[in-house]
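Hi everyone, thanks for coming.

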Amino acid sequence: KIAEVNPQVYLPALAETQINLSLLYLDSIVNKELSIRFAEKGIDNLISFCTLPNMTENFKSAFHVLNQWEIDIPTYLDEKYGSEHAVKKLWQEIGN
């Protein structure tokens, strides 16, 4: 709820926590469903910040998780956000 009041402050922190949980469920407590769900939530919460340079590492981590679970990231991003969304351009810059 606090992220709703001041999203530019709290959503990046929430997203970083979600992405860290996705990594936990990828590497330590292996749970594919939770790992993917937290990565997706992290991306969703960061999506409006994808043009900010300091968010790149969080996106890299989330993309890494999806990639490790053999999710085709370009297709995923196209289906979820559209091929022209800034997050797709970010993937093209950092994901290849």
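How do the axes of α4 and α6 cross, and within what distance do they come? First, a word on the model: it is predicted, so local features need pLDDT of at least 70 and side-chain atom pairs count only at pLDDT 80 or more, while totals for chains, interfaces and linings use all residues. Residues are numbered from 1 along each chain as its sequence is written, and side-chain values use heavy atoms, leaving out hydrogens and water.

Now the answer: the axes of α4 and α6 come within 11 Å and cross at roughly 80°. That makes the two helices, α4 and α6, roughly perpendicular (65 to 115 degrees). Helices here are DSSP runs of H or I, at least four residues, numbered from the N terminus. Axes are lines fitted to C-alpha atoms over the stretch in contact, with angles from 0 to 180 degrees between N-to-C directions.

Who meets whom? Thr-56, Phe-59, Lys-60 and Phe-63 of α4 meet Val-87, Leu-90, Trp-91 and Ile-94 of α6, where contact means heavy atoms within 4.5 Å. Phe-63 also touches Ile-43, Ile-73 and Leu-77, among others.

Next, α2 and α4: their axes come within 10 Å and cross at roughly 30°. α2 and α4 are therefore roughly parallel (under 35 degrees). Among the residues meeting there are Ile-19 and Leu-23 in α2 and Ala-62 and Val-65 in α4.

Note on methods. Parallel < 35°, antiparallel > 145°, perpendicular 65-115°, else oblique. Lists of a residue's contacts leave out its neighbours within four places in sequence.
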